[in-house]
Amino acid sequence: MGGECCSRTGPMARPGGEYPQLAAGPVGKQIHSIYQSRLKQFTDGGQYREQSLIGKLDEARVKGTDTSHVKLSVYSPPGQSRPLFKEATSHSFTPTNVGASFGPSWSTHWFKVQVTVPKDLLKKERLEFHWDADNEGLIWTEDGHTVHGLTGGGERVEWILPDIFRDGKEHTFYIEMACNGMFGNAPGGDSIQPPAPDKHYTLHTADIVAVNLEARALYFDFWEIGDAAREFPQESVEAHGAQQVANRIMDAFIAGGGSTESIKKAREIAREYLGNVDSHKVYDGDKEALVTGIGYCHIDTCWLWPFAETKRKVNRSWSSQCDLIDRYPELRFCCSQAQQYKWLEQDYPSTFDRVKKKVKEGSFQPIGGSWVEHDTNLPGGESLIRQFLYGQRYFESRFGQRCKTFWLPDTFGYSTQLPQICRISGMTRFLTQKLSWNNINNFPHTTFNWVALDNSQVICHMPPSETYTAEANFGDVKRSVAQHKSLDQDQTSLLVFGKGDGGGGPTWQHLEKLRRCRGISDRTSLLPRIKLGDSADDFFDKLEKKVENGTELVTWYGELYFELHRGTYTTQANNKRNNRKSEVLLRDIEYLATLATIKNGFGKRSAYKYPKKDIDDMWENVLLCQFHDCLPGSSIEMCYDDSDKIYAQVFATGERLLSEALSELGFDEESSLSPNSKLCTLNTLPWKRSEIVKLPSSHPHKYGLAHGDALSTMSIRPLASAHSAATASIAETSPGVFELRNSQYTVEVTDGVITSLYDIKAERELIPKGKKAAQLVIFDDKPLYWQAWDVEVYHLNSRQELSPNKVYISSSDTAKVSLTIETKISDKSWITTKLSLPAAIGNSPSAIEIEAETEWHETMKFLKVEFSVDITNTEASYETQFGIVRRPTHYNTSWDMAKFEVCVHKWADLSEATYGVSILNDSKYGFAVAGNVMRLSLLRAPKAPDAHADMGRHHTKYAIFPHAGPLTHATVRKAFEFNSPLRVVGHRAPTTAGDLAGERVEAGKPGLLSTFKIFGADNLVLDTIKRGEDDEDVSRGELPVKKGHSVIIRVYDAMGGKSKAVLSWGDIKVKKVVRTNALEDEEEDLSENMVGVEGGELKGVKIEVRAFEVATYKLVLED
């Protein structure tokens, strides 16, 4: 009964039926590996090239050596100049030819190309001009419009000739050649080595080509089917099916002798596996796609090439994308960095107009919201906000839209306050992928909520293909699900494809491959379905909608620490110093310029105006140098030659603006003081200070005591005044042993290092017995590959202590005593440190200050300074932007050990409940705490990509700041003071300015300079005081002007505690107080919370700030 079904079927059941009775001959089983290896022959350029498909891709080719059809002439601008089209084409051109060589590195050569299409090619379906000199180039029309870029080396070398060239007449266009490759001019195959200065490039291709489009299409059909055969699970039906189809294609091609008909037949076979993939319509249909393909062009604003070359890379890359969008309507291209858009707007307006048109159409998406793709470890908190303020304002002013997605795929770690800064800057989502480079631990998530210190969150997505420069291969699509780590929450992902780092973006080859991947995925679930046509924002919009509908994403709290590139906290020390100093300078300028405009009635009483353009120029330059290969120190030497000039301009402009603001406020700078000048100091920090200051050389006394209120002028008194300071002393107590003492500490220095630091009041010794502080140490520093970027954990095994050559007393002034320690590092290098202890002023906490001057000429060495302290804690605290990061001091797990070198800002602290020690610095960012050893990183000596990185003279300051009790706001304030020394000025009594800023200080009354204060919360820092961006007397017209005058004040909680306080503005007339976001959009009217303070004499507003929150307030002033 059970066998009945079988008795009715099968040819063997009926003798004489259709199934052959006799075997026709032996048929063997295919040897899978042989038939798979065979596939390479079909698209290989090797010994079978002319018999393979490769030999059929061209129907005809007119070589560039045929001068009857291709004429070449050249103009070579002098040196490294990069003239624009109009200037370049105004010069005479000299005949040249294919085979000629052009150089040296970084030079530019303009070619006039005159082509005449031969008669026998005029009717061909596709005509292209192929140009290749193995370097970058750009095609220009005869009338000066860019066509698209050329990459060289076989990539992006073709231009589809316009139909107007099909008239048999001669036509002219231009090619601008840059004597650098996509990755600069590195010698040999190692792209990060310092660039060769004398590299030359040979023009080897300048051909007119008739393309066999059907053969080209078959090439991509076969490529993806072959990938399916190789990359699908080898036991799967799909893999075997793909291999059979690919072999059938080859058989059909061979049987037809590679004829046109055989190619068509082969394509018909391919369609059995792919479907119809010849247009963007392959993406039509309502089948759900898990992968969204986004075209992207990562252009490092500087790296292995200088800033000037980046400007051309932008034009080359983005003109290529505009051209590609016209040909492939499914392409959605995104690009970040407002700075690059601004360069394009300034230098290449016609390309910028093309970009604007594509933005309006929705195919070209500005993304990221920031000025550049900046580093996030090293810039200060206000700099991070300004990256978005300047970026978002630019995008809004040029394209009528702000960015919603922060886009930062290539930066070396992500600081813990970024989610909050994104949210207050109008962005709710974030994309990166750099943590896939971790070399110790595997980051566990793909799509998750990233949470800042204040509990703000953004959706973060890290493309599981683990690249931002995907080649759009079968494997990239496959990995978009296979490597997805959040499939339990959401299965979708972004595939970010396109040539990058050196620019370029997607190519037509990428788009052809992805069409075929879509065709395959429509026929099998083994390959995730990919969709093109949606933007990156569309992808995130859908994610947010899913969360709104109940999807719970996992959370990651705190920094996204990058377990690689830790050396970037230290490399290029002078560049980092310039960043810190410029940030402090800009803060002071904005504060003083704001007061100056208030004082002069917003231009009514004098000609002074808020210097908005100069401030903008300064900020844009500082933000530019915070690019993620510039500030971290991972660029070639040319970039730091550029940044040195940029910073020099920043400082020159800044000093001029300070001088003008001070003059408007009634002050004379130190350079213009006379012996009769009435001295005071400017305190630009928002708390009282009492400090010993060094007086100008014109003054009869070397030191004075500055004492005064927050954000004010501070009177300078003799040290013997009512605010007298206890004296400091120094003595050599035995050979090589020195004692420095003030009323708070006794410091013992033996052989140039601190062997005892005793807190007199606390009766506590801070240095463990037999240990040392301020010990200079040097390490061997040879990372696995990335020299400027990396320091590896094994470098710690090579520790060597440096011993001094000479130690002597250099100052015994009772105001400040100093010990100078001279240390020879090697025959080429030395460091001189001056260890100073100032007299303590009452209860104001003092610090042991160390000033270092270093002559550094080492090779692959790492200089640090260590402080062993008698403190025990499993966590150390580090200042980060607008907050504190706590990191382990142990190596319990691989996650803990990975943080053997971390980023710090102005201070790091190791504290117990009863006592702690902070290490302050004025320009350093690398730090580590291992057990009870605190270690500040000073200098590195990598030799790639800058062979001279950090070579030369360096100056830095650091300090030991002991404190009773745990970490408090005292450390935060001391570090601010260490980075913002008091400025000695003179004031002109009895002028109005003098009355406001000086005379009234002495009378104990608040003046204009002490207007803004916070009452009631020591943990709150009044960080920024500036004018409103769009005030009628400030606006530069990029966005609509707002009537009236306002002051913007930014406050943050530095310690991690929710706080209530009063923000006071003294007796300035304020009619309205509004809470805003970082972009100065009004969010909440706080005018009802306005109150009187200090007995009603002063006015203010009640504020409430969450733990580690950054809060911005707008004070609208009365007219």
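Is Glu170 buried or partly exposed, and what is its relative accessible area? I looked this up in the model, which is a predicted one, and found Glu170 partly exposed, with a relative accessible area of 38%.

Next I followed the partner of Glu170, whose side chain meets that of Lys71 in a salt bridge at 3.3 Å, N to O. I noted that Glu170 lies in strand S10 and Lys71 in strand S2, so the pair ties together parts that are 99 residues apart in sequence. Lys71 is partly exposed as well, at 39%.

My search of the whole structure returned 92 salt bridges, and I went through some of them. In one, Arg429 pairs with Glu544, the closest N and O atoms being 3.2 Å apart; since Arg429 belongs to strand S17 and Glu544 to helix H14, this pair ties together parts that are 115 residues apart in sequence. Here I recorded Arg429 as buried at 1% relative accessibility, whereas Glu544 is partly exposed at 27%.

I then looked at Glu471 and Lys499, which meet in a salt bridge at 2.8 Å, N to O. Both sit in loops, 28 residues apart, with Glu471 partly exposed at 30% and Lys499 buried at 14%.

Turning to cysteines, I found zero disulfides in the whole structure. For Cys297 the nearest cysteine sulfur, that of Cys335, is 4.9 Å away, which is too far for a bond, because a disulfide needs the sulfur atoms within 2.5 Å. Cys297 is buried at 2%, and Cys335 is buried at 1%.

Definitions and conventions:
Residues are numbered from 1 along each chain as its sequence is written. This is a predicted model: local features need pLDDT of at least 70, side-chain atom pairs count only at pLDDT 80 or more; totals for chains, interfaces and linings use all residues. Side-chain values use heavy atoms; hydrogens and water are left out. Buried means under 20% relative accessible area, exposed over 50%, partly exposed in between (1.4 Å probe, protein chains only). A salt bridge is a side-chain nitrogen of Lys or Arg within 4 Å of a carboxyl oxygen of Asp or Glu. Helices (H or I, at least four residues) and strands (E, at least two) are DSSP runs, numbered from the N terminus.
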